[in-house]
Amino acid sequence: MTDVEAPHLHVTRTAYDTVAADYAEMFRDELAGKPVERAMLAAFAELVLADGGGPVGDLGCGTGRVTGHLATLGLDALGVDLSPGMLAQARRDHPGLRFAEGTITALDLADAELAGVLGWYSVIHTPPEEQEPVFAEFARVLRPGGRLLLGFQVGEDQKVRLEQAYGHEVSYDVYRLSPDRVIADLRDNGFVLHARVVREPEGWEKTSQCYVLATRAATAR
Ligand SMILES: C[S@@+](CC[C@H](N)C(=O)[O-])C[C@H]1O[C@@H](n2cnc3c(N)ncnc32)[C@H](O)[C@@H]1O
């Protein structure tokens with residue numbers, strides 16, 4: 001981690017440390033009722049395995065609920081997250097998996113170390129104008145031909161301030177992202193689009209949800 005930390009990293013970490021136990025409880029079984037999300041994760045896993053497999057990073061893994069799901073799909077999944085509180089939940093729920101503290105803005109992973117990167121609702125706390133370097137970092141740690149799957153709430157890159165979350169008083173920002181802008185940024189960083197799926201809001205959701213599956217080109221930017 002750098003000496004001078006971006007302000008959004010500090011506030012995001014503090015917020016997730018605060019809500020970690022309740023987040024784990026609320027979302028532990030959420031995927032069971034999400035067939036579209038499971039389909040995207042299954043497609044991602046199938047593509048990684050068809051390419052010969054290899055380590056897959058759930059980057060911004062939170063409580064590890066999706067890291068665990070990736071492992072059940074046969075992937076060699078590891079998790080990285082900013083929040084020690086979220087990671088404590090992940091290690092408790094998934095004692096057989098590897099989890100490390102870190103930031104998607106500067107990953108402690110070697111060039112081309114991963115066969116797959118999952119960014120499942122984890123870039124949503126990075127201001128949109130600062131996301132391109134994150135996608136460059138995803139490209140750096142992915143091997144050529146490696147697969148990327150992103151999940152995020154759809155919007156026009158607008159900021160939403162959260163003062164209450166998961167039963168706690170908090171203070172942090174989430175961004176509803178433009179799929180076109182995300183995909184353009186990915187292309188600028190050497191990714192080829194494979195699929196874009198937009199699901200209508202359901203339950204308590206206020207926006208559509210977008211899942212973007214892409215492949216790191218043989219020669220990144
Ligand atoms: C909405 S939660 C999603 C967690 C998990 N992917 C899931 O679907 O349950 C967002 C997570 O991203 C993490 N996060 C946000 N910004 C991050 C960053 N710059 N580096 C690493 N993790 C980050 C937060 O700590 C939090 O655990």
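Q: Which residues does the UniProt annotation "domain: Methyltransferase" cover? Please then examine the surroundings of the ligand closely.

A: This is a predicted model, in which local features need pLDDT of at least 70 and side-chain atom pairs pLDDT 80 or more, while totals for chains, interfaces and linings use all residues. Residues are numbered from 1 along each chain as its sequence is written, and side-chain values use heavy atoms, without hydrogens or water.

According to the unreviewed UniProt entry, the annotation covers residues 58-146; such annotations may be inferred rather than shown by experiment. Over this stretch the chain is 33% helix and 27% strand, with its end C-alpha atoms 14 Å apart.

Around the ligand there are 20 residues (each with a heavy atom within 4 Å of it). Tyr 23, Gly 60, Arg 65, Asp 81 and Trp 120 are the closest. By class, this shell comprises ten nonpolar, eight polar and two charged residues (Asp, Glu, Lys and Arg count as charged, and Gly is among the polar).

Polar contacts are pairs of N or O atoms within 3.5 Å. The side chain of Tyr 23 places an N or O atom 2.8 Å from a ligand oxygen. A nitrogen atom of the ligand lies 3.1 Å from a polar side-chain atom of Thr 103, and Ile 104 has a backbone N or O atom 2.9 Å from a ligand nitrogen. Taken alone, the ligand exposes 590 Å², of which the protein buries 98% (Shrake-Rupley method, 1.4 Å probe).

Helix H1 (7-27) and helix H3 (65-72) are the elements giving two or more residues to the shell (helices are DSSP runs of H or I, at least four residues). H1 contributes the most, with four residues.

How values were computed:
Polar contact = N/O pair within 3.5 Å; in protein donor to acceptor, adjacent residues only side chain to side chain.
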